[in-house]
Amino acid sequence: MQTQMMTLDRTDLKILDILQKDGRLSNIKLAEMVNLSPTAALARVQKLTKDGYITGYEAKLNPDLLNRSFVVFVEILLDKTTPNVLEEFSDAVRSYPEIVECHMISGGFDFVVKIRCANMEEFRKISGQVLWQLPGIKETRSYPVMEVIKESSQVQLKQTFKK
């Protein structure tokens, strides 16, 4: 992965940084911001997409207005961590929209999931109807979020340029 990063020049990194902050930016405005013609800027964005640096675009929604501001992180310990159990668990997690993130971790638990819902009452229902229905669950620990201090999906771009 680090070797791929070396193929990006300053303009590529600037494009990535600008687009991750505002994916709706017009190509003409992007071109102005990186001192390229619109055709050259579009070609760069297309190449960054083709090479997998840009994986998609999405709107960031306000969970407060959509009654989804209650967040709970849940540590999950499986009864076994054989490849088939891990695969079954992973496939099942992908089918539940309430689970917005799932990360395999090392340490005392196997996974951490992030659940977004309306309130504690809804989380209790999700806990019984979703979490405990996932294959291989042995133990869970839940951590309701009291306050979000920082939340971002932006990737920090190191200033590594090709010469």
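A pocket, as the word is used here, is an open set of grid points with protein on both sides within 12 Å along at least five of seven lines, and a lining residue has an atom within 4 Å of one of those points. Keep in mind that we're looking at a predicted model.

With that in hand, let's start at the second largest pocket, which has a volume of about 170 Å³. Ten residues line this pocket, and Thr7, Leu8, Asp12, Lys47 and Asp51 are the ones nearest its centre. Helix 4, residues 38-50, supplies the largest share of the lining, with three residues.

Helix 4 also leads us to a helix pair. Two packed helices are described by the angle between their axes and the distance between the axes. For helix 2 (residues 10-21) and helix 4, that angle is about 80° and the axes lie 11 Å apart. Angles of 65 to 115 degrees count as roughly perpendicular, so helix 2 and helix 4 are roughly perpendicular to each other. On the helix 2 side, the contact is made by Thr11, Asp12, Ile15, Leu16 and Leu19, which meet Arg44, Val45 and Leu48 of helix 4. The residues of this contact split into five nonpolar, two charged and one polar. Asp12 turns up here and also among the residues nearest the centre of the pocket.

Now over to the sheet. Strands of a sheet pair through backbone hydrogen bonds, either parallel or antiparallel. Here we have an open sheet of four strands in the order 2-3-1-4, with antiparallel pairing. Strand 2 (99-104) and strand 4 (137-144) are the edges, each pairing on one side only. From one strand to the next, the twist averages 20°.

Look next at strands 2 and 3. Strand 3 covers residues 111-117 and runs antiparallel to strand 2, with five bridges joining the two.

Notes. Residues numbered from 1 in each chain as written. Predicted model: local features only at pLDDT ≥ 70, side-chain atom pairs only at ≥ 80, totals over all residues. Heavy atoms only, no water. Pairing = 2+ DSSP bridges. Axes fitted to C-alpha atoms, helices over the stretch in contact; angles between N-to-C directions. 1 Å grid on protein atoms, 1.4 Å probe; cavity = no way out; pocket = protein on both sides within 12 Å on 5 of 7 lines; lining within 4 Å. Points joined across faces, edges and corners; volume = space filled by probe spheres on them. Parallel < 35°, antiparallel > 145°, perpendicular 65-115°, else oblique. Contact = heavy atoms within 4.5 Å. Nonpolar A, V, L, I, M, F, W, Y, C, P; charged D, E, K, R; others polar.
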